[in-house]
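Subject: Structure for your review

Hello,

Here is the structure I said I would pass on. My notes on the two ligands follow it.

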Amino acid sequence: MTAGGFDGVERRGLMFVLSSPSGAGKTTLSRMLLEREPGLKMSVSATTRAMRPGEVEGRDYFFVDKPKFEKMVDQGELLEWATVFDNLYGTPRAPVEAALSAGQDVLFDIDWQGTQQLHQKASVDVVRVFILPPSAADLEKRLHTRAQDSDEVIRGRMSRATHELSHWAEYDYIVVNQNVDDAFAEVQSILKAERLKRERRTGLTEFVRKLQRQLEK
Ligand SMILES: Nc1ncnc2c1ncn2[C@@H]1O[C@H](COP(=O)(O)OP(=O)(O)OP(=O)(O)O)[C@@H](O)[C@H]1O
Ligand SMILES: Nc1nc2c(ncn2[C@@H]2O[C@H](COP(=O)(O)O)[C@@H](O)[C@H]2O)c(=O)[nH]1
């Protein structure tokens, strides 16, 4: 099955990826997108990282231990996976394939390594968006304001930010998340435009043929 737009033209589902240095705002923007964009489903990752206060099993992540994660890798259950900040993270394959074949678009909050793997597997269906913080000071402030990681973890994430940033040019779109509403509007516009791309819209040929038949009458 394929997704249908407001105009009823069928199209292939897409994989919408948000990446950024930790704390730039991917989770915030993802939640806003999911609230306001019907037809978009979040890919919930598996991770060996410890659960943060307020996180919910199966909503934020599937929290698994290392042997379980390694078994998922061995059995080909992950579409992509990577080591990030000394923990393992990966995308369960089955829910993504089920959502795409049910005509939904899928949203991913994954790092540059996972994005490269997804792009290698399904390049035309992957839309890559990189979120930048307005400044290093803002990034650090956001990690502290979130108040979910220790100072040591925050220091580690800040020191990895330069490396994460170095991958910005591998992305299709770059959004600076200064004001969250402005950044959201930009991300939403990207999704809307990508949904309209001719090559995804498998129903266009039939739609235009029908129009032509009507015009010939
Ligand atoms: N434009 C913004 N202005 C101020 N604060 C923001 C903005 N966007 C997000 N935040 C806040 O910054 C903190 C980090 O945001 P968020 O958790 O969305 O980042 P993230 O990129 O998902 O991080 P991680 O990669 O570690 O999961 C949160 O407390 C969030 O509310
Ligand atoms: N390659 C993947 N990266 C992932 C996945 N799920 C999350 N992530 C990235 O990990 C870091 C840290 O996340 P946090 O929740 O511990 O703050 C962040 O950059 C995420 O985008 C995944 O399945 N694959």
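The side chain of D111 places an N or O atom 2.8 Å from a nitrogen atom of ligand 2. This is in a predicted model, so please read the distances as computed values. A nitrogen atom of ligand 2 also has a polar side-chain atom of E80 at 2.7 Å. On the oxygen side, T91 has a polar side-chain atom 3.5 Å from an oxygen atom of ligand 2.

As for where ligand 2 sits, the site is the largest pocket. Two elements, β7 (78–84) and β8 (87–92), are the ones that give two or more residues to the shell around ligand 2. There are 17 residues around ligand 2, and the nearest of them are S45, R49, Y61, Y89 and R157. By class, the shell of ligand 2 holds seven charged, six nonpolar and four polar residues.

Now ligand 1.

The space that ligand 1 takes up is likewise the largest pocket. The elements giving two or more residues to its shell are α1 (26–36) and α5 (136–146). Of the elements, α1 contributes the most to the shell around ligand 1, namely three residues. In total, 16 residues surround ligand 1, with S22, K26, T27, T28 and N177 the closest. The shell of ligand 1 divides into nine polar, five charged and two nonpolar residues.

- T28: a polar side-chain atom is 2.6 Å from an oxygen atom of ligand 1.
- G23: a polar backbone atom is 2.9 Å from an oxygen atom of ligand 1.
- R142: an N or O atom of the side chain is 3.2 Å from a nitrogen atom of ligand 1.

The accessible area of ligand 1 on its own is 640 Å², of which the protein covers 77%.

The shell make-up can be set out in the same way, with seven charged residues around ligand 2 and five around ligand 1.

Regards

Methods: Residues are numbered from 1 along each chain as its sequence is written. Chains are lettered from A and ligands numbered from 1 in the order in which they are written. This is a predicted model: local features need pLDDT of at least 70, side-chain atom pairs count only at pLDDT 80 or more; totals for chains, interfaces and linings use all residues. Side-chain values use heavy atoms; hydrogens and water are left out. A residue is near a molecule or strand if one of its heavy atoms lies within 4 Å of it. A polar contact is a pair of N or O atoms within 3.5 Å; within protein, one must be able to donate a hydrogen and the other to accept it, and residues adjacent in sequence count only if both atoms are side-chain atoms. Accessible areas come from the Shrake-Rupley method with a 1.4 Å probe; for residues, only the protein chains shown count as cover. On a 1 Å grid over the protein atoms alone, a cavity is a set of points where a 1.4 Å probe fits but cannot get out, and a pocket is an open set with protein on both sides within 12 Å along at least five of seven lines; lining residues have an atom within 4 Å of a point. A molecule sits in a cavity or pocket if more than half of its atoms lie within 2 Å of its grid points. Helices (H or I, at least four residues) and strands (E, at least two) are DSSP runs, numbered from the N terminus. Ala, Val, Leu, Ile, Met, Phe, Trp, Tyr, Cys and Pro count as nonpolar, Asp, Glu, Lys and Arg as charged, and the others, Gly among them, as polar.
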